[in-house]
Amino acid sequence: MHALTIINIAFATLLIAACSKSPTDKLVGEWKGTDSTGSTASVMLGADHTFRMVMGNSVLDGPTLGGKLEWRLDATHDPMALDVIAKKSSGEQRVIPMIVRFITDQKLQLRFSVDMQSRPASFSVDETRDQIIVTKQ
């Protein structure tokens with residue numbers, strides 16, 4: 001009986017810890033998916049807020065840009081606002097605004113605007129060329 005109580009307490013602690021992760025903490029990791037054109041991409045969101053994307057033989061990260069590539073999340077919006085910030089060593093900065101939502105803890109939907117400058121307002125069932133569903137690896 002004592003062992004069962006300890007197991008139940010351990011399970012409850014793990015459950016509470018898993019539920020208490022912030023959206024920012026949940027984003028950290030590698031995510032992989034295939035878009036509507038059949039292109040597969042891996043997106044790595046570092047705990048240090050570094051951003052890296054690999055699509056085929058192409059790598060997009062800070063070193064390939066000659067600076068830094070970072071991400072930030074604003075979870076106060078619905079859908080959440082995700083920005084990818086490219087900072088060149090010259091001081092030039094560009095922000096790519098996106099929206100993001102968790103479908104499950106292991107599945108994420110990302111959407112960006114075709115112009116890569118404005119933030120989409122919502123996700124679309126009909127327009128899929130500017131969004132991707134990725135799974136945590």
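Which side chain meets that of K87 in a salt bridge? It's E70, with N and O 3.0 Å apart. A salt bridge here is a side-chain nitrogen of Lys or Arg within 4 Å of a carboxyl oxygen of Asp or Glu. This pair links distant parts of the chain, since K87 sits in strand β6 and E70 in strand β5, 17 residues apart. Helices (H or I, at least four residues) and strands (E, at least two) are DSSP runs, numbered from the N terminus.

Before going on, a word about the model. It's a predicted one, where local features need pLDDT of at least 70 and side-chain atom pairs count only at pLDDT 80 or more, while totals for chains, interfaces and linings use all residues. Residues are numbered from 1 along each chain as its sequence is written, and side-chain values use heavy atoms, leaving out hydrogens and water. The pLDDT, the predictor's confidence in each residue from 0 to 100, averages 86 over the protein, and 85% of the residues score at least 70.

Side chains of opposite charge can pair when their charged atoms come close. The whole structure holds six salt bridges. In one of them, D105 pairs with K26, the closest N and O atoms being 3.2 Å apart. D105 belongs to the loop between β7 and β8, and K26 to helix α2 (residues 23-27), 79 residues away. Another joins D130 to R111. D130 lies in the loop between β8 and β9 and R111 in strand β8, so the pair ties together parts 19 residues apart in sequence. Both D130 and R111 are buried, meaning under 20% relative accessible area; exposed is over 50% and partly exposed in between (1.4 Å probe, protein chains only).

Those strands have neighbours, too. Strands pair if DSSP finds at least two bridges between them. Six bridges join β7 to β8, which run antiparallel, and a hairpin connects them through two residues.

Finally, look inside. A nonpolar core is a set of buried Ala, Val, Leu, Ile, Met, Phe, Trp, Tyr and Cys residues joined through side-chain atoms within 4.5 Å. In the largest one, with 18 residues, L27, L82 and V100 touch the most other members. Strand β6 gives the most to this core, with four residues.
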